[in-house]
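Biologist: I would like to learn how to read a model like this one. Please take me through it feature by feature.

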Number of protein chains: 2
Amino acid sequence: MNDLSLPESSAAPADDAGAGERPKSITLKDVARLAGLSPITVSRALHNPRMVKPETIEKVKQAAAVIGYIPNLLAGGLTTKRSRLVASIVPQLSNSMFAETVQGLNDELAAHGYQLLLSVSSYSRATEEELLTGILSRQPDGVVLTGINHHPGVRKKLLAMGIPVVEAWDISPTPIDIAVGFNHERVGEAVARYLLDKGFKRFASVCGTDERAVLRRRALEAELRRHGIELIASHEVPPPTTLALGRQGLYAILEGGHRPDVVVCSSDVLAHGALIEAGARGIAVPDRLGIMGFGDFDFAAHTHPAISTVYVDKRGVGTRAARCLIAKIEGRRLDDQVIDVGFKLVERDTTRIGG
Amino acid sequence: MNDLSLPESSAAPADDAGAGERPKSITLKDVARLAGLSPITVSRALHNPRMVKPETIEKVKQAAAVIGYIPNLLAGGLTTKRSRLVASIVPQLSNSMFAETVQGLNDELAAHGYQLLLSVSSYSRATEEELLTGILSRQPDGVVLTGINHHPGVRKKLLAMGIPVVEAWDISPTPIDIAVGFNHERVGEAVARYLLDKGFKRFASVCGTDERAVLRRRALEAELRRHGIELIASHEVPPPTTLALGRQGLYAILEGGHRPDVVVCSSDVLAHGALIEAGARGIAVPDRLGIMGFGDFDFAAHTHPAISTVYVDKRGVGTRAARCLIAKIEGRRLDDQVIDVGFKLVERDTTRIGG
DNA sequence: CTGTTAGCGCCTTCAT
DNA sequence: ATGAAGGCGCTAACAG
């Protein structure tokens, strides 16, 4: 009746792992044989319990546990056309806001039984496109991209695939499918107006060269110009932004002979670097120099003085992206294809001057 | 001859994406028909080019490009038993060293044509085990775990699967398969000896509660005790470690009436927080208070004063893990099943006192 | 160099 | 409530 030899100790020796010949896999059929049922009944017991008698389910579960059955999603996905896999491409992971977003994305996906296939584009559109091809060959149920500027092939492939797509961190009037983010130009303008209101007059910028940072800085410049003000110095730094680059940025500006009364940084990490450089030089912040960050990283509230910044729900971008995707995957309609998560100016010490 | 209607514009309308009914997929067969060849020849042209006439390859590539063929790895993997997928479980992503490791892992994997399936355990062994089941059902070619303490089921399942496994961030005499990390107890001891050498006498600790941090702190305590010294205060903080927690840690120690002359932190982030708290209180570092970090995060060299710490090749752990895995997947034997990446004390300003 | 046959492990469809 | 047949898309193994 039971022609399976139950594994005594249950495994191959450790130092044999991965040597090419894997133990022949335990399949639904094996469970079925052991339980004295047909494979399809076992499948149902495992995935559609209410199509099967409780008693049978019990038998199946026992048998599965005994032989250590692990379903093969490749095979499953091949028939169902559902992979329970969501792929995401981020520009970078270490030292960036994207880690938070990925964490949020992952958590929400995991909570709904989806897994995350992660890739890193290193801020290259070409790389992104190449990665996408590999990704799509795994038949993901959905994809999360960063930003709204992509290699043309990206949009085409994604549409051909017909799966839901979220473009995160930015919004666009013409998303590939769904966009979850905020308007970076509004941020630039808001920061400009806020700082002008505070009475700052001589603006400098330490700005990353990534797309979205540049968008914010340009909008800042434009708004300043509307008030008759030009940036007196602008220092660009390549991603990833680090504290060291922030220090160097302020250093370069000051050594260049410029004397800004406020420096606008494209991330809190840069702002923190600038803050430290100011401290090292004995420049009082904010009295002699204001500093503005972006992102509201967790440390920003706890530096001394605390960094004024722009709050963005980094984690929320990820969780919302996940929710949108899951909704569409499960056939629900979305109210909006474009979700603006907004932002919020956070005044802290580094810009708190005058009245 | 060619009975395929070439798609004019190549896609479904955007707002139709993901509504359940995907465009029927384009398969190898379609390419074959268009190229006037058999499916297997197309397969070979794409994956084993040198088994096929150059002329034929060209025909195949053309045909594939024309209809936008994307291979289906689920189907491919089902037959070959190779998924080109490596899975990793990390305790957490945002705000941690693990992001660096994951980035290194991903880069190295991508360079060899593997993709990364990422999961987050939130420091829970039970979660790790559950995640693993889901992961294994995708038939990964290899797995990277964090740490060496796992739910018993983890080892069992992994061995049953017979795939290579790396346990990262720690080393063990009895790894499941491969270990890539370093000995945290040696770190604790080394830090203790170094600080004793510098002449510090009244030690306090701000330490995360995660496994490896605790291991280091215990070894530090033990080493101190061998020199007749006890920690005068110890403050524990839950992961994720943040700058704020570092500040609070020092705050709590000082408000508790303790007067350490050095505070040992289980991460640079905590150390940075302590440094800021000291600065805010006007406590001179290192003269009145030494501060020791861990990890050598990129900011540590650039704070003011710069943070003394322990360098670990965070990224390298990831790249080496990837290399070991790939080697085993491809059937090569490893010289060592346990790779100690070591660590290095980095003296900077926050402990530079006396002679 | 190219093609035929068969089957990976599972689930959909159609019976019973 | 359970089962039998067939096929998802691809590639191994064996021809020729």
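Predicted model: local features only at pLDDT ≥ 70, side-chain atom pairs only at ≥ 80, totals over all residues.

Biologist: Which residue takes a positive phi just after helix 5 of chain A?

Modeller: A:Gly113 does, at about 80 degrees. Residues are numbered from 1 along each chain as its sequence is written, chains are lettered from A and ligands numbered from 1 in the order in which they are written, and side-chain values use heavy atoms, with hydrogens and water left out.

Biologist: How many residues does helix 5 of chain A have, and what span does it reach?

Modeller: The general idea is that the expected span is 1.5 Å times one less than the number of residues. Helix 5 of chain A covers residues 98-111, which is 14 residues. From first C-alpha to last it reaches 20 Å, close to the 20 Å expected.

Biologist: How many residues of helix 5 of chain A are buried?

Modeller: Buried means under 20% relative accessible area, exposed over 50%, and partly exposed in between, with a 1.4 Å probe and protein chains only. Ten of the 14 residues in this helix are buried, so read it as mostly covered. Among them are A:Phe98, A:Val102, A:Leu105 and A:Leu109. An α-helix has 3.6 residues a turn, so residues three or four places apart point the same way.

Biologist: What covers the buried residues of helix 5 of chain A?

Modeller: Look for contacts, meaning heavy atoms within 4.5 Å. The cover includes strand 1 (85-90), strand 2 (115-120), strand 3 (142-146), helix 9 (211-226) and helix 12 (314-329) of chain A. Strand 2 (115-120) of chain B is also included. For helix 5 of chain B, the buried residues pack against strand 2 of chain A, together with elements of chain B including helix 9 (211-226).

Biologist: Is B:Asp177 buried or exposed?

Modeller: B:Asp177 is buried, with a relative accessible area of 4%. The residue lies in the loop between strand 4 (165-168) and strand 5 (178-181) of chain B. Next, check for a polar contact: a pair of N or O atoms within 3.5 Å. Within protein, one must be able to donate a hydrogen and the other to accept it, and residues adjacent in sequence count only if both atoms are side-chain atoms. One of 2.6 Å joins the side chains of B:Asp177 and B:Lys328.

Conventions: Helix = DSSP H or I, 4+ residues; strand = E, 2+ residues; numbered from the N terminus.
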